[in-house]
Amino acid sequence: MLDIQIRKTLLGSAGSMELDVALSIKEHAFVALAGKSGSGKTTLLRILAGLESAEGSVKVDDVVWQEGKKVLPSQKRGIGFVFQDYALFTNMSVEKNLLYVCKDETLAEELLHMTELTALKDRLPSSLSGGQQQRVSLCRAMMKRPKLLLMDEPLSALDPEMRSKLQHDILNLHKTFGTTTVMVSHDPSEIYRLADYMVVLDAGKIVKKGTPKEVMLKTQGSQKFSLRGELLDIIKADVIYIAVVSIGQQIVEVVMDSEEARAFSVGESVLISTKAFSPTISKLVV
Amino acid sequence: MEFMSLDFAPFLLSFKLAGITTFILFIIAIPISWWLSQTKCRCKPFVEAVSSLPIVLPPSVLGFYILFALSQNSPVGAFFEETFGIKLVFNFTGLVIASVFYSFPFMVQPLQGGFESLNKNMLEASYMAGKSRFETMYRVALPNIKPAVLTALIVTFAHTVGEFGVVLMVGGSIPGETKVASVAIYEFVESMDYAQAHLYSAIMLVMSFSVLLAVYLFNARHTRRIGVR
């Protein structure tokens, strides 16, 4: 059980902002932290890691990490932390990166095997791809068998294929080691696949929380499904208009009448929904 | 060809002085530059300004203060003379002390720059692995700034070899004790022995150039090898 009650004044691009978060996280939970950039997600994560100071308290089970003037240093929290930019020790080989944290060769071997890195164990980080480096970083974070694993947008610098592979690795490690995991993420599909609870921050406050299904799958009225997208273009075709919308990694076209075409402008966030038809689902033949 | 006979003692003395000074400064400068690179203390600009003073001060000014501070008439000089029987000026010990002050910024600044260029997340990853600041500095930070370390060592060494004003103020020109190459050249010119002055100067020029070239060649190769972007 992780109990967080913290406050901190942040200086953002839009003036000062009060980060004020009260949250308790169950043991073994996988929590996704979402919200616009500058909403305080990373700061919250860094406060949990002991890398930044804040007022309030952080408790893990019966251990006080922070309360009043007492602050347990990062070194003694025994957490795993995965950075967006990997932050590997560039002077050490893959295996040495793991052993630096803890001289447990059996565990290092097991982790490298789980993430298919065994063949690369003597390579220097600079000779690896982004996806490989992030897998090393994940393994390194697990070397302390952490109770709490913190990840700051771990996959946002990777391509979609590599993301889905790493999502699998993350979930696998989370389950095998029984960690409580908090991950900052922007990607709805990633959150849906990995997290069992999500918290949305806006300007330093929690604005929504619940399961990813409750928070993200919101359809109104009789609508069967709705998808968020960005309006890329409006093309005139004879008497009608065609809206080109990007949804996730896909581009779709939707018919509009002239009145709708005038009401929308390119670049806007839009919601595509339907109610009359029942969508079909079929397997992709690759 | 009697006038071309070469006395190597001033060169050896210059290199001995530079070697000892570089070694002492390396040990002193690592913790200071690490602290400067990591601290958010408000006193940082003050410490930086003091440590950079030898770059802008005329060597004679620095030499004068050191001479004043270490002479037998000062408390420090008197203490060393009475307690250990050591004189701190007009001998080799005095030269080492003066050179440590004089070359201090040339060791600290490259190291500080190197430490500041490191990825902060990498250092934080080390802290979260349970490692102390010292262990992080020693096992993660230092090995990742090898070009900066080499630059600091060589520039400090070369700068100490090239010092003149401070040496003359604090050490004078005692053959085999304080008469380093730069002072020897000055004396040749003063006595109008231009042939010897030319020879000594050319040797200094070639050596300085070779050392700097070696540093830049190493740094170019190292940068390519570790793939710094």
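**Starting from one residue**

I began with Thr9(A), which touches Ser16(A) and Glu18(A) once residues up to four places away in sequence are left out. A reminder to myself: this is a predicted model. Thr9(A) sits in strand E1 of chain A, which covers residues 2-12. Is Thr9(A) buried or exposed? I found 12 C-beta neighbours inside 10 Å, and 12 or fewer is the cut-off, so Thr9(A) counts as exposed. I also checked Asp20(A), 11 residues away along the chain from Thr9(A), and got 8.6 Å between the two C-alpha atoms.

**Strands around E10 of chain A**

Next I looked at strand E10 (residues 197-202) of chain A and its pairing with strand E3 (residues 30-35) of chain A. The two run parallel and are joined by five bridges. Within that pair, I noted Leu33(A) opposite Val199(A).

E10(A) also pairs with strand E11 (residues 205-210) of chain A, in the antiparallel sense and again over five bridges. Which residue of E11(A) is the bridge partner of Val199(A)? I found Lys209(A) there. So much for the pairing; I then turned to the link. E10(A) and E11(A) make a hairpin with two residues between them. In that turn, Ala203(A) has a positive phi of about 50°.

**The open sheet in chain A**

I traced another sheet in chain A and wrote down the strand order as E14-E13-E12-E15. The four strands form an open sheet with antiparallel pairing. Strand E14 (250-256) and strand E15 (269-274) of chain A are the edges, each pairing on one side only. From one strand to the next, I have an average twist of 50°.

How many bridges hold strand E13 (residues 240-247) of chain A to E14(A)? I have seven, in the antiparallel sense. One of the pairs I wrote down is Ile247(A) with its bridge partner Gln250(A) in E14(A).

**Over to chain B**

Chain B comes to 11 helices and zero strands. I get a box of roughly 65 × 45 × 30 Å for its C-alpha atoms, taken along the principal axes. Chain B has 229 residues, and 34% of them count as buried. Among its contacts with a separation of 6 or more, 73% are between residues 24 or more positions apart.

I picked one helix pair in chain B to follow up: helix H5 (residues 92-117) and helix H8 (residues 146-161). Their axes come within 8 Å and cross at roughly 160°. Over 145 degrees is the cut-off, so I put H5(B) and H8(B) down as roughly antiparallel to each other. The crossing of H5(B) past H8(B) is right-handed.

On the H5(B) side, the residues that meet H8(B) include Ser99(B), Phe106(B), Met107(B) and Gly114(B). On the H8(B) side, they include Ala148(B), Val155(B) and His159(B).

**Where the chains meet**

Last, I looked at the interface: 16 residues of chain B are in contact with 15 residues of chain A. Which helix gives the largest share of chain B's side? I found helix H6 (residues 120-128) of chain B, with six residues. By class, the side of chain B that touches chain A has eight nonpolar, six polar and two charged residues.

Methods. Residues numbered from 1 in each chain as written. Chains lettered and ligands numbered in written order. Predicted model: local features only at pLDDT ≥ 70, side-chain atom pairs only at ≥ 80, totals over all residues. Contact = placed C-beta atoms within 7 Å. Nonpolar A, V, L, I, M, F, W, Y, C, P; charged D, E, K, R; others polar. Pairing = 2+ DSSP bridges. Axes fitted to C-alpha atoms, helices over the stretch in contact; angles between N-to-C directions. Parallel < 35°, antiparallel > 145°, perpendicular 65-115°, else oblique. Left-handed = near helix turned anticlockwise from the far one by under 90°. Buried ≥ 20, exposed ≤ 12 C-beta atoms within 10 Å, placed from the backbone.
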